[in-house]
Amino acid sequence: MSDYPRDMVGFGSEPPHADWPGGARIAISFVINHEEGAESCILNGDAQSERYLCDLGPVEAVPVVGGRDLNAESMFEYGARAGFWRLWRIFTEASVPVTVYGVGMALERTPEAAAAMIEAGWEVAGHGYRWIDYRDVSEEVERAHLKQCIDAIAETTGARPVGWFSGRRSIHTRRLVVEEGGFLYDSDGYSDDLPYWNTDHGRAHLVVPYSRNNNDLRFATGGVYTGGDFFAYLRDSFDTLYAEGADHPKMMSIGLHNRIIGRPGRAGALLRFLDHVRKHDGVWFARRREIAEHWHRRHPYFE
Ligand SMILES: [Zn+2]
């Protein structure tokens, strides 16, 4: 079984005590995906229009091959033009720090938003140069886009990213990230409630796992429609982890998208969730970089 390249055991029955700063019972990481303008579009040199993770219903979600889908394009434009700024106001007014998964081309198209992220003290992690499925491109293209994304973030925010999240990752993604170097963590994994070390690619590499269930993408893929559904799911996740955190503190990731939760009919769920969390002591609102730095320091890899 030792050559089976999956870890079905992890921390097992006794996960480590996270020992979060200040004795917190839970670490909460909000993530805003900044992708709009980098999606599939013939204006971006692609073969077809985008249909994934926007307000196209299941029947409408058919790409236009060789042409533009102006409705889909405008749904993405909403995220950059209106949704981003709604989320920016919510999180800055709440003084809650955020990690942005920044797509290089999207940041290049929205320099004012990139500057506002830095002004707010947010972390910008790399999320590809394009918002595409990296299983569809060659390893060479994926490597080149990794470097282009790092450069775009450095140029638009003034600092290179130390975190990575590909999303629709290929079989090569993690190795390319490790080979590139300069990263404290990647978040391409969903397999635990705590960060963990991965040694598949020669040296110990930290994974800070992400969530596709505490994630507003469920509004687009099915599963939730109203803010009430989304709030209830986030609240239940928080309450479970908070109770467990008396003995075994964990982390909770919440994934958000400008064009999805940024719509007024959904943003209220986020405000209600923030209100719920703020009724509790012992919550550490952290950028993923800080969670990674804590894990490197407090839970270093041992052979
Ligand atoms: Zn994303």
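Helices (H or I, at least four residues) and strands (E, at least two) are DSSP runs, numbered from the N terminus.

Residues are numbered from 1 along each chain as its sequence is written. Because the model is predicted, local features need pLDDT of at least 70 and side-chain atom pairs count only at pLDDT 80 or more, whereas totals for chains, interfaces and linings use all residues.

The protein chain contains nine helices and nine strands. Its radius of gyration, taken over C-alpha atoms, is 19 Å, close to the 19 Å given for 303 residues by the globule rule, so the chain is as compact as a globular protein of that length; the rule is 2.2 Å times the number of residues to the power 0.38. The C-alpha trace spans about 55 × 45 × 40 Å along its principal axes. Of the 303 residues, 44% count as buried. Two residues are taken to be in contact if their C-beta atoms, placed from the backbone, lie within 7 Å. Among contacts between residues at least 6 apart in sequence, 72% join residues at least 24 apart.

Strand β2 (residues 98–102) has five of its five residues buried, so it is largely enclosed by the rest of the structure. Strands count as paired if DSSP finds at least two bridges between them. On this criterion β2 pairs with strand β1 (residues 26–34) in the parallel sense, over five bridges. The chain passes from β1 through α1 to β2 in a right-handed β-α-β crossover, that is, with the strands pointing away from the viewer, the path from the first strand over the helix to the second runs clockwise. Strand β3 (residues 123–126) also runs parallel to β2, and four bridges join the two. Tyr-101 of β2 stands opposite Asn-33, and its bridge partner in β3 is Ala-125.

A nonpolar core is defined as a set of buried Ala, Val, Leu, Ile, Met, Phe, Trp, Tyr and Cys residues joined through C-beta atoms within 7 Å. The largest such core has 78 residues, and those with the most contacts inside it are Ala-27, Ile-28, Phe-30, Val-100 and Trp-284. Helix α1 (residues 70–93) gives the most to this core, with eight residues. When residues up to four places away in sequence are not counted, Ile-28 touches Met-252, Val-277, Val-283, Trp-284, Phe-285 and Ala-286.

In helix α3 (residues 111–119), the buried residues include Ala-113, Ala-114 and Met-117. These cover an arc of only 100 degrees around the axis, which puts them on the same side of α3; the arc is that of the directions from the helix axis to the C-beta atoms. Pro-111, Glu-112 and Glu-119, on the other side of α3, are exposed. The buried residues of α3 are covered by elements including α1, β2, α2 (104–109), β3 and α4.

The buried residues of helix α5 (residues 173–180) are Thr-173, Arg-174, Leu-176 and Val-177. Viewed down the axis of α5, they fall within an arc of 160 degrees, so they line one face of the helix. They pack against α4 (139–157), β4 (163–164), β5 (185–186) and β6 (196–198). Gly-181 follows α5 and has a positive phi, near 80 degrees.

Most residues other than glycine have a negative phi. Asp-19, which is not a glycine, has a positive phi of about 55 degrees. Asp-19 is placed in the segment before β1 and counts as partly exposed, with 13 C-beta neighbours inside 10 Å. Ser-95 likewise has a positive phi, near 55 degrees. Ser-95 lies in the loop between α1 and β2 and, with 9 C-beta neighbours inside 10 Å, counts as exposed.

Methods. A residue is buried if 20 or more other C-beta atoms lie within 10 Å of its own, exposed if 12 or fewer, and partly exposed in between; C-beta atoms are placed from the backbone.
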